[in-house]
Amino acid sequence: VQLQAFGGGLVQAGGSLGLSCSASGGIFSADAMGWFRQAPGKVRELVTTITTGGSANYADSVKGRFTISRDNAKNMVHLQMNSLKPEDTAVYYCNALLPSDLRTPVFSWGQGTLVTVSS
């Protein structure tokens with residue numbers, strides 16, 4: 001299984017950015033997926049999740065600003081980030097989630113993508 005996030009970059013506060021994640025290995029359509037992020041000096045945190053049926057949940061810190069979506073046919077999950085804040089600066093990762101809790105990552109971490117929000 002390989003997970004690769006891409007689309008990060010430098011953006012000003014208030015701006016928008018879209019991330020994508022490709023999942024290979026035949027796991028995608030059967031798994032809930034999530035986006036995590038790790039800011040410098042902080043632990044990795046779960047940002048948003050999406051079930052196989054498309055139901056989404058968000059951390060309070062991003063609710064109303066971020067939108068997760070998935071394309072099962074292409075084995076991809078996307079994250080649209082609007083109204084970005086400097087505290088959104090982090091490396092963003094995607095992963096499949098354990099169905100039992102929809103929070104625990106299943107696989108080893110793949111390549112993340114750095115998002116930097118300037119004030």
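Predicted model: local features only at pLDDT ≥ 70, side-chain atom pairs only at ≥ 80, totals over all residues.
1. Strand β7 (residues 66-71) and β8 run antiparallel and are joined by six bridges. The two strands make a hairpin, with four residues between them. In the turn, have a look at asparagine 75, where phi is positive at about 55 degrees.

2. β8 (residues 76-81) also pairs with β3 (residues 17-24), again antiparallel and with six bridges. On that side, serine 20 sits opposite histidine 78 of β8.

3. Zooming out, how many helices and strands does the protein have? The count is zero helices and ten strands, so reading from the N terminus you get β-β-β-β-β-β-β-β-β-β.

4. The C-alpha trace spans about 40 × 25 × 25 Å along its principal axes.

5. As for contacts, take those between residues at least 6 apart in sequence: 54% of them join residues at least 24 apart. Of the 119 residues, 39% are buried.

6. Finally, the surface and charges. The accessible surface is about 6000 Å², and carbon and sulfur atoms account for 49% of that. There are 9 positive and 7 negative charges, and their mean positions lie 3 Å apart.

Definitions and conventions
Residues numbered from 1 in each chain as written. Heavy atoms only, no water. Buried < 20%, exposed > 50% of the residue type's maximum accessible area, 1.4 Å probe, protein only. Contact = heavy atoms within 4.5 Å. Areas by Shrake-Rupley, 256 points an atom, 1.4 Å probe, with all protein chains shown as cover. Lys, Arg positive; Asp, Glu negative; His and termini not counted. Charge placed at Lys NZ, Arg CZ, Asp CG, Glu CD. Pairing = 2+ DSSP bridges.
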